[in-house]
Amino acid sequence: MNMQLAVELATWFILLYFALLNGGYLMLNALSLARLARGLQEQVLDELPQAFSGLEPPISILVPAYNEEASIVASVGSMLQLSYPQFEIIVINDGSADATLERLREAFDLERFPQAVNERLPTQAVRGIWRSRTHAHLRVIDKVNGGKADSLNAGINLARHPLFCGVDADSVLARDSLHRVVRPFLRDPRVVASGGTVRVANGCDIQGGFLTRVGLPRNAWALFQVVEYLRAFLFGRLGWSQLNAMLIISGAFGLFRTDIVVAAGGYRTRTIGEDMELVVRMHRMLRAQGIDYRIEFVPDPVCWTEAPEDRQTLRNQRIRWQRGLSESLAPHWGLVFSRRGGPPGWIAFPFMVAFEWLGPLVELGGYLFMAFAYATGLISWQAFAVFLFLAVGLGILLSASGLLLEELAFHIYPRPAQLAVLALVVVAENLGYRQLNTWWRLVGLWRWATNRQSTWGAMKRKGL
């Protein structure tokens, strides 16, 4: 094979790869648009006074907390005010080295409570269980540090209700969050899990644990993430949900059937992507058993979280996410080759492998190869222009479509100036930020491939 032929084959492969990548996301966009169109009709009922049917299943809210003294009291306070008939809150203090437990004891008048624990899942040692004197449905587990997955398993062991909701300690929930995220369970008895939309809280006003004004962050890193979250949730997960092939429910806000999670073995403690790994394992288990089920996505904006505002913290987060993705997909190849794999195994899993798991390698290699080939005259300017259209132009189109879907369906950012800023970010994030993210993801892939140790580490938070 001569050099020219090799260059042509590489060029065609790269162009085809970016065309399939963005074409796949455009298909998900179309599915999301159809779902949101139906959702707009349902939103008319949301304007009416809300009443509970009495059929809502009780929910256990699990809140893992490690060194969260800055925000834990406000977060728990907001959860105590949620509008839902019956729920309990279980905060799991995972061996915090700061004053997380002390803040909880002072704010909620905790007392030690000698309660027996049903150890359905193995966890690190529990040092004590505390109960609030002022809020009967609030309990706190104090345990030896074991990580987020271990904390969630400890919470499941103490949970008393058929559904549990995993929530990050820095999450800010809308008052009707549980009411919205439980709807799929009321509508369809086959539902075993549902996930809600997560939005960036930076730049917003939060008082008493509730969001009072929606704003945009002034920090550029956080501003880029606003557009990222819109794109990832509004047409990424919503599109996969339409196919019953959603492979991830965000650890920041997800609702699960407790018995199904226990049957699947709970959260795996040896992965840093425990949220996605659990969902993939549930798909594999339920499909192997021939059980008819659904895992759905709730597009309503129900959860707000603080995004990193410095490059180093954001870099570490994205490296961990890619490592977690690798650890979630690698053990479950059986889903792909199973005759019962269905859309999760035959569509979503291969797509994730090709465009999310191995994507950083091909994408970054594609950028470098095409730039070098054009600079040295190995490819024509027409070929390079087509590449830029597929890699950058369609990327801008996808981000713009995410913003458009948000504006049509929810109108969270009502001021024209906010939309103008987001429109500029839609373009700007494709001219350096996404490529930088691709590099960080490649580092995460390399760390997984070389079996380098990874932990969640510390997240710098302002305590919004």
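**Confidence of the model**

Within the protein chain, confidence is lowest in helix 1, where the mean is 81, and highest in helix 8 (residues 258-263), where the mean is 96. The model is predicted, and the mean pLDDT of the protein chain is 88.

- Of the residues in the protein chain, 93% reach a pLDDT of 70 or more.
- Where pLDDT is low, the predicted coordinates should not be read in detail.

**Cysteines**

- The search of the whole structure finds 0 disulfides.
- A disulfide requires two cysteine sulfur atoms within 2.5 Å.
- For Cys165, the closest cysteine sulfur belongs to Cys303 and lies 8.4 Å away, so the two are too far apart for a bond.
- For Cys204, the closest cysteine sulfur is also in Cys303; because the distance is 12 Å, this pair too is too far apart for a bond.
- Cys165 is buried, and its relative accessible area is 0%.
- Cys204 likewise counts as buried, at 10% relative accessibility.

- Leu33 belongs to helix 1, which covers residues 3-46.
- With a relative accessible area of 45%, Leu33 is partly exposed.
- Helix 1, which holds Leu33, is also where confidence is lowest in the protein chain, at a mean of 81.

Conventions:
Residues are numbered from 1 along each chain as its sequence is written. This is a predicted model: local features need pLDDT of at least 70, side-chain atom pairs count only at pLDDT 80 or more; totals for chains, interfaces and linings use all residues. Side-chain values use heavy atoms; hydrogens and water are left out. Buried means under 20% relative accessible area, exposed over 50%, partly exposed in between (1.4 Å probe, protein chains only). Helices (H or I, at least four residues) and strands (E, at least two) are DSSP runs, numbered from the N terminus. pLDDT is the predictor's confidence in each residue, from 0 to 100.
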